[in-house]
Structures are given as C-alpha cells and as structure tokens.
Amino acid sequence: MYISEKYYDEVFPFSGSWEMPSKCGLKIIEKPGQSYVIVTELYQDNPGTSVTYAGRSLARQICEAKGLRLEDIIYLECNPDMNSKLSFYEEEYYQVTFNDSSPATYRLLSCEEVNALFDRTTDVKR
Amino acid sequence: MKYKYKMKLKLIYPRWEKLKGQTTFNLPPHGPVAFAAALPDDVDVSFTDENVEAIDFDEETDLVAISMMLSTQVKRGWAIATEFRTRGIQVIFGGISAMLHAEETLPYADAVFLGEAEGYIEQVLDDWRKGKLKKVYNFMTSQPHIESVGPARRDLYKRELYNHKGVQMVDLFHASRGCKYSCYPCAVSYLGGRIFRPRPMDKVIEELHTIDNNRLFIVDNSLAQNKEWEMELFREMIPFKKKWISHTIEDDPKVLDLAAQAGAWYVYQAVYDTSNYIKERVRRYHDYGIGVEGTILLGLDNQTEDDIKRLVDFLLEIDLDLAEFTVMTPFPHTKGYDDLLRQGRIFDFDWDHYNAGQVVFHPKHFSSGRLQELYDYAWESFYREESQESRMFRLFCNVAIREMNEGTYRPRNRNLARKSFGKDVVRTGMK
C-alpha cells in the first residue's frame with residue numbers, strides 16, 4: 001500500500017507512541033490569514049504510529065518544527081486513495097479538532113471545501 | 001548478574017469469553033512459553049492458563065507476569081493484577097494486547113513491558129530485585145536478534161489440560177517473526193513487525209526436536225513471505241513427519257508440493273471475494289492434499305447484504321473444508337480503527353466485546369444489528385448441510401489416515417477419554 005507522492009510535499013519524521021520512530025506525509029498550504037497543515041498516513045512507509053493515533057502529539061511536533069502555533073492552524077488528516085482491493089475509501093480530508101478533556105473530533109470536508117483548499121474545480125469526487 | 005536466591009515468578013494467561021455457538025478448543029498458548037524461554041536461570045516460573053484452570057491467588061510467589069494476546073483478555077488481566085496487587089505482589093504485563101492497550105494497562109500495572117523479551121527481561125528482573133521496577137520498559141524499537149529466540153518452555157504446560165476426550169491438541173510453534181504485509185484489519189505493523197525475520201534453520205530444527213507432539217500449528221503471520229526460505233523450511237520439516245496447520249502458503253506448485261511432503265494438513269486462507277482466483281487457489285491446495293479453512297471477514301465497507309449472501313453461496317460451491325466467519329473489528333493501531341474512528345462509526349469501546357463475533361461499529365450499507373444477523377446467517381448457512389463438528393472430524397480422519405500410513409499415529413489417551421480440557425465430559429442421555 002504505497003501512497004502517491006501527490007498527497008505530500010515532504011516526509012515528516014516524528015516520535016510516535018512510546019517514542020516509536022514514525023513518518024507521515026506533510027503538506028502545508030498557506031492561505032491569506034490561515035495555515036492548513038495536512039498530514040497523510042504513509043502505511044507501508046511508516047514504521048511506527050499512525051497519524052490518527054499520534055493525533056495532538058504529531059500536530060505539536062509539526063508546529064514546533066515549522067514555527068507554527070497549534071491554535072492558529074487548521075489541522076487536516078488526509079485519507080489517501082490507495083487503489084487497493086482492501087481499502088474502501090476514496091480520497092478524503094478530515095478537519096481535526098483537539099479537545100483538552102475529551103477525544104479529538106473529526107469533520108469530513110465537503111468536495112467544495114477540498115476543491116477550494118487546493119484551488120481546483122473538479123478533482124475530488126464523492 | 002546471577003543471584004543466589006531463585007525468585008518465584010507466576011506467569012498467567014487470562015481467560016476470555018469464547019464465542020457463542022462455536023466449538024471451543026483450548027490450544028496451549030504460545031506467547032507465555034516463548035516469553036518463559038527468555039527468562040534467566042535464577043527464575044523459578046510456574047504457569048497458569050486461566051482458560052483451562054483456576055488461578056491460585058494464594059500461591060507463594062515473588063512477582064506476577066501477565067501475558068495477554070487478545071483484546072478480550074485485557075479487562076480480565078487488569079482484574080487479576082488488582083487482586084495480586086491488593087495482596088502486595090507486584091505485577092508486570094506483556095504480550096501483544098498489552099502493547100496495543102498499553103496506556104490503559106498502566107494504572108493496573110507495576111510495570112508494562114513493550115516489545116520482545118529475549119535479552120531484555122533480565123534487566124526488568126534485576127530492577128525488581130533492587131526494588132527499582134520502572135513503570136514502562138519500552139523495547140518496541142530494539143527488537144532482539146532473531147537468533148536469540150530459543151525453544152519455547154513447553155515443559156510448563158499441564159499437558160492433560162489440553163486434551164479433548166483423549167485427543168491431544170496441536171502444539172503452537174513459530175519459525176519466523178514479523179510480516180512484510182500491512183493488511184487492513186491487522187496491527188502487526190504497529191507491533192514492530194513489519195520486517196520479516198526468519199529464525200535460523202538450525203534453531204527451527206532444534207525446537208522441532210523438543211516438541212513431543214506430532215501435530216502442530218505454525219503460527220507465523222504468513223509463510224508466503226520469502227519463497228526460498230519457505231521451501232528450505234519445508235525441506236527441513238519432511239523428516240519430522242509432523243502434520244501441521246498454518247496460515248497462507250505461497251501459491252506456487254513447487255512450494256505446495258514441498259509443503260504437502262512436509263506434512264501440511266490444512267491452511268487458513270482469506271476469502272475476500274467470489275473470484276475465479278479464489279476458487280482456483282482453493283483447488284490448488286486440494287490438488288496437493290492440503291485442506292482449506294476459509295477465513296471470511298464480514299462488514300467491510302465494500303460489502304452489501306447481497307455481497308455477503310453471494311459470498312456464503314460461493315464458499316459452498318468451492319468445496320471449502322471449513323469456514324470461519326468474523327465481523328470487522330477495529331482493533332487499536334490498525335487502519336480499520338483509524339478509518340472508523342475518524343468517521344465516528346465506533347460505538348462500543350468495551351474490549352470484552354472485541355471478539356470478532358460482536359459488532360462494535362456502524363457498517364456502511366446496513367445497521368450494526370443487521371450485520372450481527374448476517375454473521376449468524378453465514379455460520380448457519382455454511383454449516384447447515386454438514387455441521388462444524390462433522391467437517392472437523394473429516395479433516396481429523398484425513399490426518400489420522402496419513403499418520404497411520406506413515407507409522408506416526410498416536411492413539412488417543414483412554415485415561416482422558418472422559419475429560420475435555422480438564423473438565424468432566426457431561427454425557428447427555430437419550431430418551
């Protein structure tokens with residue numbers, strides 16, 4: 001299950017659960033007044049913790065490495081289309097909200113939101 | 001460091017609730033005895049598998065180690081730990097599900113061991129002797145050399161408890177660790193296992209010599225990882241004349257032929273669609289005299305109700321020997337868990353329910369209740385014409401005949417004919 005490089009600009013190494021060396025795909029999109037941080041699970045190429053499981057810890061590590069403030073970014077998890085028989089979802093983007101005392105919450109972005117994010121018109125179908 | 005005082009370690013494998021309506025076989029667990037092989041000589045270990053005997057909480061011991069493989073064992077493991085800790089005895093946890101549920105296990109533990117024990121457990125025991133046990137021993141990223149894996153301590157089993165009406169259960173055995181695949185419902189990649197690590201062949205042979213059982217279950221994740229190694233393994237196994245069960249074998253006539261010569265009895269083969277490929281795959285196993293137990297995962301997002309019914313019909317057409325149905329279960333640290341969590345579709349986080357027979361999430365095409373019904377439908381439909389017991393008996397007869405022809409057949413133990421896993425067999429009289 002190799003992930004197409006179109007989903008990320010760089011591979012970001014991070015410390016996962018129990019300090020497991022882990023990797024994710026990272027793309028940062030700067031829009032006027034807003035930074036969008038998009039993390040993509042690399043599966044076969046991630047030796048450690050998944051981006052979903054790493055959650056807030058991964059977001060913090062990215063912010064620290066890139067000089068961003070967690071409060072200021074919109075943090076998105078990308079579920080890439082893997083073209084695999086045993087994977088059932090097309091490309092999807094979730095906005096993640098981290099809460100102090102409860103688990104993170106996820107909101108699926110609409111096609112329009114995804115297209116606006118990437119300044120494109122019809123790429124993402126659902 | 002060698003100590004004069006031989007410490008007493010009580011090793012426990014917690015019980016779990018078995019699935020309703022299915023034939024229960026208690027196999028001797030492999031994880032605890034593989035762990036015990038890594039213990040230094042100055043440790044006196046006793047083993048209790050709670051699935052076949054009760055725990056003696058009053059047994060004199062210095063330290064308790066709880067080994068957990070399944071998510072359905074963790075809550076019971078925590079309860080056992082609480083009981084011992086109340087009595088002032090420290091408890092360490094290890095094993096696959098201790099790793100998958102490590103954060104939640106910490107409050108119930110004096111220490112949680114993450115990783116493989118070979119070469120590292122001595123350090124933990126040294127710390128305990130010094131009264132300096134750490135809360136976490138994290139060796140997830142420092143896997144031991146595979147050469148250091150020694151023969152499992154099968155001497156710790158109470159053998160008579162792994163008998164059903166005098167028939168000895170198979171012994172579990174592993175020839176490799178890790179898996180190069182990263183499948184949707186599986187957590188092996190998180191467990192540090194993405195690199196396939198075959199054991200040296202001389203170590204495999206050494207261990208096979210120690211197993212006083214002519215039937216095995218080779219529990220490696222998949223034997224189809226390295227064709228040359230797999231063929232060498234089978235060549236080396238031929239002289240032992242053992243009969244064995246395993247997961248997938250490479251789909252290659254040369255490999256299948258060697259597997260058959262090496263004693264392949266039946267394999268677990270995933271059946272995920274109704275393709276000709278699957279049909280031919282099953283036929284090729286059968287051509288070499290190898291039985292097939294299909295493993296069928298229900299409730300995946302690409303399955304409609306009609307797909308599931310068609311799949312069950314297909315299983316009957318392709319002449320599977322056995323079928324094992326499970327429902328999709330989002331075990332922590334799997335892609336399935338991440339996907340369903342993000343989509344807000346997991347509604348039950350009670351680990352006792354993560355037995356792969358109880359639906360804990362909202363399926364895509366129907367309700368969770370309907371998936372539960374389809375799961376029951378699949379079991380009932382497949383075994384309607386011939387029961388699971390009858391099909392198992394046929395497979396058993398096949399292997400017994402092969403063993404008789406080769407002079408390796410061991411008659412059942414008549415002294416245990418009225419016992420099933422240590423308990424008296426209750427005979428129901430005919431009216």
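Tutor: What follows is a walk through a predicted model, taken one part at a time.

Student: What confidence does the predictor give the complex, and what is the mean pLDDT of chain B?

Tutor: For the complex the predictor gives an ipTM of 0.76 and a pTM of 0.90. The mean pLDDT of chain B is 94, and 98% of the residues of chain B reach 70 or more.

Student: Okay, chain A then. Which helices and strands are there, and in what pattern?

Tutor: Chain A has 2 helices and 6 strands, and along the sequence they follow the pattern β-β-β-α-β-β-β-α.

Student: In what order do the strands of chain A sit in the sheet?

Tutor: The 6 strands form an open sheet in the order β1-β2-β3-β4-β5-β6 of chain A, and the pairing is mixed. At the edges stand β1 (10-15) and β6 (105-108) of chain A, each with a single partner strand, so one side of each has no neighbour in the sheet. From one strand to the next, the twist averages 35°.

Student: Which sense do β3 and β4 of chain A pair in?

Tutor: Strand β3 (residues 34-41) of chain A pairs with strand β4 (residues 73-79) of chain A in the parallel sense, over 6 bridges. If you want a spot to look at, A:Val39 stands opposite A:Glu77 in β4(A).

Student: How much of chain A is buried?

Tutor: Of the 126 residues in chain A, 29% are buried. As for contacts in chain A with a separation of 6 or more, 44% of them are between residues 24 or more positions apart.

Student: Switching to chain B, how is it divided?

Tutor: Chain B is divided into domain 1, residues 7-146, and domain 2, residues 155-406. The C-alpha centres of domain 1 and domain 2 of chain B lie 26 Å apart.

Student: How many residues are in contact between the two domains of chain B?

Tutor: On the domain 1 side of chain B there are 27 residues in contact with 29 residues of domain 2 of chain B. The elements that give two or more residues to that side of domain 1 are α1 (31-36), β2, α2 (74-86) and α3 (96-100) of chain B. The largest share, 3 residues, comes from α3(B). By class, the side of domain 1 of chain B that touches domain 2 has 15 nonpolar, 9 polar and 3 charged residues.

Student: There's a sheet listed as β2-β1-β3-β4-β5-β6 in chain B; what is its pairing?

Tutor: The pairing in that open sheet of 6 strands in chain B is parallel. The edge strands are β2 (43-49) and β6 (136-138) of chain B, each of which pairs on one side only, and the twist averages 20° from one strand to the next.

Student: How many bridges join β1 to β2 in chain B?

Tutor: Strand β1 (residues 7-13) of chain B is joined to β2(B) by 7 bridges, and the two run parallel. Within that pair, B:Leu11 stands opposite B:Phe47 in β2(B).

Student: I clicked on B:Ile12. Where does it lie, and why is it called buried?

Tutor: B:Ile12 lies in strand β1 of chain B. B:Ile12 counts as buried because 23 other C-beta atoms lie within 10 Å, and the cut-off for a buried residue is 20 or more. Leaving aside neighbours within four places in sequence, B:Ile12 is in contact with B:Thr48, B:Glu50, B:Ile55, B:Val64, B:Ile66 and B:Ile80.

Student: Last topic: how many residues are in contact between chain B and chain A?

Tutor: In this case 19 residues of chain B are in contact with 19 residues of chain A. Helix α12 (residues 335-342) of chain B gives the largest share of the chain B side, 5 residues. The residues of that chain B side divide into 7 nonpolar, 6 polar and 6 charged.

Definitions and conventions: Residues are numbered from 1 along each chain as its sequence is written. Chains are lettered from A and ligands numbered from 1 in the order in which they are written. This is a predicted model: local features need pLDDT of at least 70, side-chain atom pairs count only at pLDDT 80 or more; totals for chains, interfaces and linings use all residues. Two strands pair if DSSP finds at least two bridges between them. Helices (H or I, at least four residues) and strands (E, at least two) are DSSP runs, numbered from the N terminus. Axes are lines fitted to C-alpha atoms, for helices over the stretch in contact, and angles run from 0 to 180 degrees between N-to-C directions. Domain bounds come from an automatic or database domain assignment. Two residues are in contact if their C-beta atoms, placed from the backbone, lie within 7 Å. Ala, Val, Leu, Ile, Met, Phe, Trp, Tyr, Cys and Pro count as nonpolar, Asp, Glu, Lys and Arg as charged, and the others, Gly among them, as polar. pLDDT is the predictor's confidence in each residue, from 0 to 100. A residue is buried if 20 or more other C-beta atoms lie within 10 Å of its own, exposed if 12 or fewer, and partly exposed in between; C-beta atoms are placed from the backbone.
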